[in-house]
Amino acid sequence: MKITTDVDRCVGAGQCVLAEPAVFDQDESDGTVVLLTDSVDGETAERVREATHICPAQALSISD
């Protein structure tokens with residue numbers, strides 16, 4: 001699964017980091033999403049799907 005982020009849409013809520021901290025982090029200066037890896041599989045992919053669904057700004061997208 002490939003992950004992309006839209007930093008311009010990100011509001012820095014941090015829900016993605018809570019869902020999967022191995023994939024997402026937050027920029028220290030403004031709190032926007034930082035992608036630690038852009039490709040995942042297995043259980044990590046399921047947590048990334050969850051993060052995509054709970055993002056309040058819909059700043060995350062995935063493709064298989």
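With which side chain does the side chain of Glu 20 make a polar contact? In this predicted model, the partner is the side chain of Arg 47, at 2.3 Å. Glu 20 lies in the loop that joins α1 (15-19) to β2 (24-26). With a relative accessible area of 5%, Glu 20 counts as buried, because the cut-off for burial is under 20%. Leaving aside residues up to four places away in sequence, Glu 20 touches Thr 44, Arg 47 and Val 48. The C-alpha atoms of Glu 20 and Ala 45 are 9.3 Å apart, although 25 residues separate the two along the chain.

Helix α2 spans residues 42-54. The helix has 13 residues, and the distance from its first C-alpha to its last is 19 Å, close to the 18 Å expected at 1.5 Å a residue. Ala 45, Val 48, Ala 51 and Thr 52 are buried in α2. These residues lie on the same side of α2, because they cover an arc of only 115° around the axis. An α-helix has 3.6 residues a turn, so residues three or four places apart point the same way. The exposed residues Glu 43 and His 53 are carried on the face of α2 turned away from its buried side. The cover over the buried residues of α2 includes β1 (2-5), α1, β2 and β4 (60-63).

Thr 52, one of the buried residues of α2, has a relative accessible area of 10%. Apart from residues up to four places away in sequence, Thr 52 touches Gln 58, Leu 60, Ser 61 and Ile 62.

Technical notes: Residues numbered from 1 in each chain as written. Predicted model: local features only at pLDDT ≥ 70, side-chain atom pairs only at ≥ 80, totals over all residues. Heavy atoms only, no water. Helix = DSSP H or I, 4+ residues; strand = E, 2+ residues; numbered from the N terminus. Buried < 20%, exposed > 50% of the residue type's maximum accessible area, 1.4 Å probe, protein only. Contact = heavy atoms within 4.5 Å. Polar contact = N/O pair within 3.5 Å; in protein donor to acceptor, adjacent residues only side chain to side chain. Expected span 1.5 Å × (residues − 1). Arc of directions from axis to C-beta.
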